[in-house]
Amino acid sequence: MTPTPVPTAPTLREQATQQAELLARWLADLPALTLQAPPERVAVVCVDLVEGFTHQGPLASPRVAAIIPSVTGLLRSLLASGVPAGNVVLVQDAHPEDAREFAAYPPHCVAGTPEAKAVAELRALPEFGQFQHFQKNSIASHTSPAFLEWLEERGADLDAVIAVGDVTDLCLYALALHLVTDGMARGLGRTVVVPEPCTQTWDAPGHPGDLYHILFLHQLERNGVQVVSGVRLG
């Protein structure tokens with residue numbers, strides 16, 4: 001009897017090629033989303049859209065700076081549709097000078113420095129002073145006690161939270177994953193949305209930005225986040 005050949009498992013290189021093709025099709029086919037929710041039950045959480053990741057400092061990236069018009073355009077659209085300015089949340093790095101994070105990354109966004117300021121385009125919005133402003137000292141937004149308190153108090157009152165900002169594979173990923181898992185743990189019917197044009201990551205040696213951007217967005221979708229090409233209120 002001739003033995004049945006054992007199928008050869010794809011090599012890592014073959015798997016990577018197949019996955020890259022899948023991801024490219026997935027990104028090209030992202031749908032636009034029209035949220036059917038009362039404006040007062042929609043919130044936007046914007047993470048780390050600050051000068052230190054866009055225009056100045058060792059971690060500034062033109063790739064990240066390029067999302068500013070998309071983010072401000074989305075905010076203008078949502079505010080014009082009736083989303084209260086108090087439902088717009090900015091969570092931003094504001095590190096002490098001896099932050100433990102500086103063992104992994106160059107010193108950046110030290111509290112009180114220009115790098116830690118929201119980008120000028122956000123600050124120029126008339127409603128900026130009415131936004132919720134929270135500081136954090138790590139990649140994870142939910143390590144900010146003030147933001148965590150806001151989410152505990154307001155989370156059950158929200159039908160949808162839109163997460164935007166940077167970078168895709170670090171702070172935005174941690175934010176969106178926490179928003180969706182917090183809703184699951186609390187039994188909330190809350191939709192978490194990430195509009196792809198409103199987030200981005202940097203290029204660096206060993207860190208090709210396009211690859212990490214799409215990999216982490218796809219992983220968010222696999223965990224219950226709606227990743228979309230755009231979002232508006234119905």
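Helices (H or I, at least four residues) and strands (E, at least two) are DSSP runs, numbered from the N terminus. The structure is a predicted model, in which local features need pLDDT of at least 70, side-chain atom pairs count only at pLDDT 80 or more, and totals for chains, interfaces and linings use all residues. Residues are numbered from 1 along each chain as its sequence is written, and side-chain values use heavy atoms, with hydrogens and water left out.

**View A. Cys109 in its loop.** Cys109 is found in the loop between strand E3 (88-93) and helix H4 (120-123). Its phi is positive, about 50 degrees, although Cys109 is not a glycine. With a relative accessibility of 0%, Cys109 counts as buried (buried is under 20% relative accessible area, exposed over 50%, partly exposed in between; 1.4 Å probe, protein chains only). The closest cysteine sulfur to that of Cys109 belongs to Cys171, and because the distance is 9.2 Å, it is too far for a bond.

**View B. Cysteines without disulfides.** The search of the whole structure finds 0 disulfides, a disulfide being a pair of cysteine sulfur atoms within 2.5 Å. Cys198 is in no disulfide, and its nearest cysteine sulfur, that of Cys46, is 8.7 Å away. Cys198 counts as buried at 5% relative accessibility.

View C. Asp48 sits in the loop between strand E2 (42-47) and helix H2 (62-65). Although Asp48 is not a glycine, it has a positive phi of about 60 degrees. The relative accessible area of Asp48 is 0%, so the residue is buried. Elsewhere, Asp166 and Val167 are joined by a cis peptide bond, with omega about -10 degrees. Val167 is in the loop between strand E5 (160-166) and helix H6 (168-185).

**View D. Surroundings of Thr201.** Thr201 belongs to the loop between strand E7 (199-200) and helix H7 (209-222). The residue is buried, with a relative accessible area of 0%. A polar contact of 2.6 Å links the side chains of Thr201 and Asp169. For a polar contact, two N or O atoms must lie within 3.5 Å; within protein, one must be able to donate a hydrogen and the other to accept it, and residues adjacent in sequence count only if both atoms are side-chain atoms. Leaving aside neighbours within four places in sequence, the residues in contact with Thr201 include Ser61, Arg63, Val64, Val167, Thr168 and Asp169. Also among them are His207, Gly209, Tyr212 and His213. Contact means heavy atoms within 4.5 Å.

View E. The whole structure has 6 aromatic pairs. Rings of Phe, Tyr and Trp (its six-membered ring) pair if their centres lie within 6.5 Å; planes under 30 degrees apart count as stacked, over 60 as edge-to-face and the rest as tilted. Phe128 and Phe131 have ring centres 6.0 Å apart and planes at 70 degrees, so this pair is edge-to-face. Phe128 is buried at a relative accessible area of 18%, and Phe131 is buried at 4% relative accessibility. Tyr212 and Phe216 form a stacked pair, 6.3 Å centre to centre with 15 degrees between the planes. These two residues are 4 apart in helix H7, so about one helical turn separates them. Tyr212 counts as partly exposed at 25% relative accessibility, and Phe216 counts as partly exposed at 23%. Phe134, Phe147 and Trp150 form one aromatic cluster.

**View F. Context for the close-ups.** The protein has 7 helices and 9 strands. Its radius of gyration is 19 Å, close to the 17 Å that the globule rule gives for 234 residues, so the protein is as compact as a globular protein of that length. This radius is taken over C-alpha atoms, and the globule rule is 2.2 Å times the number of residues to the power 0.38. The C-alpha trace spans about 80 × 40 × 30 Å along its principal axes. Of the 234 residues, 48% are buried. Among contacts between residues at least 6 apart in sequence, 78% join residues at least 24 apart. The accessible surface comes to about 11,300 Å², of which 55% belongs to carbon and sulfur atoms. Accessible areas come from the Shrake-Rupley method with a 1.4 Å probe; for residues, only the protein chains shown count as cover.
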